[in-house]
Amino acid sequence: MTEEPGKERSSADPPEKARHAAHTWEEARQAAFDAATPIPAGPVPLHLALGRILDQDVVALQDMPHYASSAMDGWAVNGTGPWILVEPGTRLAPHQASPIVTGGLIPPGGKGVLRSESAGLGKDEDGLPVLMTGGSARPGEPRTGQHIRKAGEEALEGDILVKAGAQLNPAHLALAALAGYDELPVQGKPVVRLLLTGSEVIGEGIPVPGQVRDTFGPQLPAVVTMLGGIAGGQQRIGDSYEEWLAALEDVVPEAPGAPDLPADVVITTGGTGRSGTDHLRDAVAELGGRLVIDGIAMRPGHPAVLAELPDGRFVLGLPGNPLAAMMALSTVGAPLLAALGHGRLPDIQEVPCGSIIEPDPGRTRLMPFRLLYGMASPAQHTGPGMMRGLASADGVMVVPPHGVQLGELVPAFALPWGPPIPAPAAPGSKAKPRNAARPGRTAAKTAASGPVDWSALLG
Ligand SMILES: Nc1nc2c(c(=O)[nH]1)N[C@H]1C(S)=C(S)[C@@H](COP(=O)(O)OP(=O)(O)OC[C@H]3O[C@@H](n4cnc5c(N)ncnc54)[C@H](O)[C@@H]3O)O[C@H]1N2
Ligand code: MOO
């Protein structure tokens, strides 16, 4: 059941930090998915519409092109030459011409365009300037309609230019612009702003003792995008309650170029603990928000929080420890962004486990793994504050509290940036090293008698 402590609290009645009922890992994913409804479709400016799913057909608002124009630099002419020259834009009577450039509006009475390289200027018997064919002109040039782009030759008013459901590519955007659109109706997609907290966190350079380099700024916008969100910029704050409160009221992106769209989700990093410097829950409560998830029985990432503010924004509180944060993002953020973006609850696959993993009663462990001979071996360097193990991982095992036996199938998920988890071998077939059939190799002898723990090979 979802606990909602924020609802009963007021700022005069500070929340009790120590008490909360953690969701199981499975409950937390489902609760995050169920908390959100798909964001309705709406118009977005063309420059932000790339990759979005078109919600309604784009139709031609008028004939395209909407006026007849010249396809060549030269002369708009009426009838046969020689032609008397008149001012550009005036109606052409038979045997009259006026200069025109490529794309120029064909004047009334213009029947064709004589290319500049097919034309020559001369004088008539009265000594007045006239235009004649010459140069590379072919006999009969220009024919009626020659080198004129007719109105409506690309589309007639009302024609469907792009069908609803298309994922908008750059050419779609150009076509919409050509048709006169400034914005397009697209399916909703969550805009995610990041609030990175911690006065010890520095954004550049080599950290001295007591400082840490920010791991979230370089990775979270990309991961948010991979999970189907729109990275909407980020703000950094220190550790004071006032900063937390002000920023949660309105995250002001510092990153230049962030799309100027209201946030649907604010992802915070740090401050999920229960010490005097951890303010997430208090700030959410003071803003009148409700906690959807307050802790998950998993490791790492157990202090993760999901809250909903009265204005409808979700706040996803990731723990400060970098690996813990990524595991919390995979558990809560991925389902939340999927639900907001019209998607399904992300899939969980199974992979044969390449090690014995002892029980850890009461909590799920999320273990980045490496695939060795088709089996998942826990990666090294996977402390909650580390990134090295995740950086080389092939996926993440979801190890149940009762542990896993060697060779047993264990639930697993792919990394947003990684390859899909390979389908496990058919029942009855044994996971074997690729060289198992070759005689004389140690692997061949051992694989024949059952699964082998290859994790010692991981460096
Ligand atoms: N007494 C207890 N202490 C802690 C518990 C607990 O149950 N009882 N849980 C631990 C676990 S597990 C986690 S996870 C963290 C949660 O910490 P917070 O979310 O409050 O985060 P901070 O305390 O602000 O930072 C934790 C850690 O992460 C580093 N950090 C913060 N931001 C960044 C960043 N942008 N890039 C890299 N590293 C970052 C920060 O320096 C800290 O080292 O609480 C444990 N403690
Ligand atoms: O579980 Mo914490 O979330 O270890 O790092």
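**Entry 1: the main core**

I looked up the largest nonpolar core and found that it has 83 residues. A nonpolar core here is a set of buried Ala, Val, Leu, Ile, Met, Phe, Trp, Tyr and Cys residues joined through C-beta atoms within 7 Å. Buried means that 20 or more other C-beta atoms lie within 10 Å of the residue's own; with 12 or fewer the residue is exposed, in between it is partly exposed, and C-beta atoms are placed from the backbone. Ile293, Leu306, Leu336 and Met397 have the most contacts inside this core. Helix H7 (residues 322–340) gives the most to the core, 14 residues. Domain 1 (25–40 + 189–203 + 211–341) and domain 4 (349–414) both give residues to the core, so it lies between them. The domain bounds come from an automatic or database domain assignment.

I note that the model is predicted: local features need pLDDT of at least 70 and side-chain atom pairs count only at pLDDT 80 or more, while totals for chains, interfaces and linings use all residues. Residues are numbered from 1 along each chain as its sequence is written, and chains are lettered from A and ligands numbered from 1 in the order in which they are written.

**Entry 2**

I listed the contacts of Ile293, leaving aside neighbours within four places in sequence: His23, Ala28, Ala31, Ala32, Ala304, Val305, Leu306 and Val332. Contact means C-beta atoms, placed from the backbone, within 7 Å.

**Entry 3: helix H2**

Which residues of helix H2 (residues 25–35) are buried? I found Trp25, Ala28, Arg29, Ala31, Ala32, Phe33 and Ala35. They pack against S18, strand S19 (298–299), strand S20 (305–308), H7, strand S23 (364–372) and strand S25 (395–399). Helices (H or I, at least four residues) and strands (E, at least two) are DSSP runs, numbered from the N terminus.

**Entry 4: the sheet**

I traced an open sheet of six strands in the order S16-S13-S17-S21-S20-S18, with mixed pairing. Two strands pair if DSSP finds at least two bridges between them. Strand S16 (230–237) and strand S18 (290–294) are the edges, each pairing on one side only. Strands S13 (residues 191–197) and S17 (residues 265–269) run parallel and are joined by five bridges. Leu196 has Thr269 in S17 as its bridge partner. Helix H4 (residues 216–226) packs on the sheet and touches S13, S16 and S17.

How values were computed:
Axes are lines fitted to C-alpha atoms, for helices over the stretch in contact, and angles run from 0 to 180 degrees between N-to-C directions.
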